[in-house]
Amino acid sequence: MDWARFAQQMASMARDLLAQESLGATLERITGSATELVEGCDAAGIMVLHGAKVQTLAPTRQLVVDSDRLQERLAEGPCFDAARSGEREPVFRIADLTREQPRWPAFAPMAHQLGVGSMMGFLLYTEDEELGSLNLYSRRPGAFTEASELAGWLLASHAAVAFSSARTHAQMEHAVATRHTIGEAMGILMGSHHLTEEQAFDVLRRYSQENNIKLREVARRVCERGSLS
């Protein structure tokens, strides 16, 4: 492992992550970087858990999606454990899926059938939140060395900060857009029904509650149609 070259590539990637214009682009840059920077990595993706349900983000190959679905169905696997771990272990690793794996006895042979030879899962976290796991795959058994683990952990550390920042930015943009839409809808109702600002908002809120529709969706409909009907 050429660590001097790796450090240069990591620095370039870190700057590139901050330059991405969307959360999706940031995540794709993270998983793409994994295949470029970590020796032995053929595919990568990010797993996020919603309860026991798995969401796969920015997969570089279909293999990643298939593995995540398998781990969801079995409720076991290194990536599944990394994403739900409260212990913040730096890495979960299966060095060789052709061998028996006591920790993941059901997952390992089925993952091998998918074409996975070895894999690693890294918890993505900051001081304030856990974001999921960065998962690396190789078709070859024994492809990931100790150097690969260290490189993956360093990448995951940078990725977690970039992921958190991009998600916060996306949430802020969404909140601003939602407030703008609601304000526009209130203005339409105020003008067409001679309502005060408070009355217009109350109309939107009641319609949202009575019809079990999110407030932003109600506002969007008013903006598109000019009324609630």
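Author: First, a quick word on names: helices (H or I, at least four residues) and strands (E, at least two) are DSSP runs, numbered from the N terminus. The model is predicted, so to speak of a local feature takes pLDDT of at least 70, side-chain atom pairs count only at pLDDT 80 or more, and totals for chains, interfaces and linings use all residues. Residues are numbered from 1 along each chain as its sequence is written, and side-chain values use heavy atoms, with hydrogens and water left out.

Let's start at the largest pocket, which holds about 180 Å³ of space. A pocket here is an open set of points on a 1 Å grid over the protein atoms alone, where a 1.4 Å probe fits, with protein on both sides within 12 Å along at least five of seven lines; lining residues have an atom within 4 Å of a point. The volume is the space filled by probe spheres set on the points, which are joined across faces, edges and corners.

There are 13 residues around this pocket, and Gln-20, Thr-26, Ser-165, Ala-166 and His-169 are the ones nearest its centre. Helix 1 (3–19), helix 2 (23–37) and helix 6 (146–193) each bring at least two residues to the lining. Helix 6 gives the most, with 6 residues. By type, the lining splits into 6 nonpolar, 5 polar and 2 charged residues; nonpolar covers Ala, Val, Leu, Ile, Met, Phe, Trp, Tyr, Cys and Pro, charged covers Asp, Glu, Lys and Arg, and the others, Gly among them, are polar.

Now for the nonpolar core. The largest one has 30 residues, and Val-38, Ile-46, Leu-124, Leu-134 and Leu-136 have the most contacts inside it. Helix 1, helix 2, strand 1, strand 4 (118–125), strand 5 (130–138) and helix 6 each give two or more residues to this core. Its largest share, 7 residues, comes from helix 6. A core like this is a set of buried Ala, Val, Leu, Ile, Met, Phe, Trp, Tyr and Cys residues joined through side-chain atoms within 4.5 Å, where buried means under 20% relative accessible area, exposed means over 50%, and partly exposed lies in between (1.4 Å probe, protein chains only).

Trp-3 and Phe-6 sit edge-to-face, 5.3 Å centre to centre with 85° between the planes. (Rings of Phe, Tyr and Trp, the last by its six-membered ring, pair if their centres lie within 6.5 Å; planes under 30 degrees apart are stacked, over 60 edge-to-face and the rest tilted.) The two residues are 3 apart in helix 1, about one turn of the helix. Phe-6 is buried at 4% relative accessibility, whereas Trp-3 is partly exposed at 34%.

Strand 1 (residues 43–50), another contributor to the core, is mostly covered, with 7 of its 8 residues buried. It runs antiparallel to strand 2 (residues 53–57), and 5 bridges join the two; strands pair if DSSP finds at least two bridges between them. Met-47 has Thr-56 as its bridge partner, and Val-48 stands opposite Gln-55. Together the strands make a hairpin with 2 residues between them, and Gly-51 in the turn has a positive phi of about 70°.

Back on helix 6, look at Thr-178, which is buried at 17% relative accessible area. Ala-219 belongs to helix 8 and is buried, with a relative accessible area of 0%. From Ala-219 to Trp-153, by contrast, the C-alpha distance is 44 Å, over 66 residues of sequence.

Asn-212 lies between helix 7 (197–211) and helix 8 (215–225); its phi is near 55°, positive in a residue other than glycine, and it is exposed at 74%. Ala-75, in the loop between helix 3 (62–74) and helix 4 (78–84), has a positive phi near 55° as well, but Ala-75 is partly exposed, at 39%.
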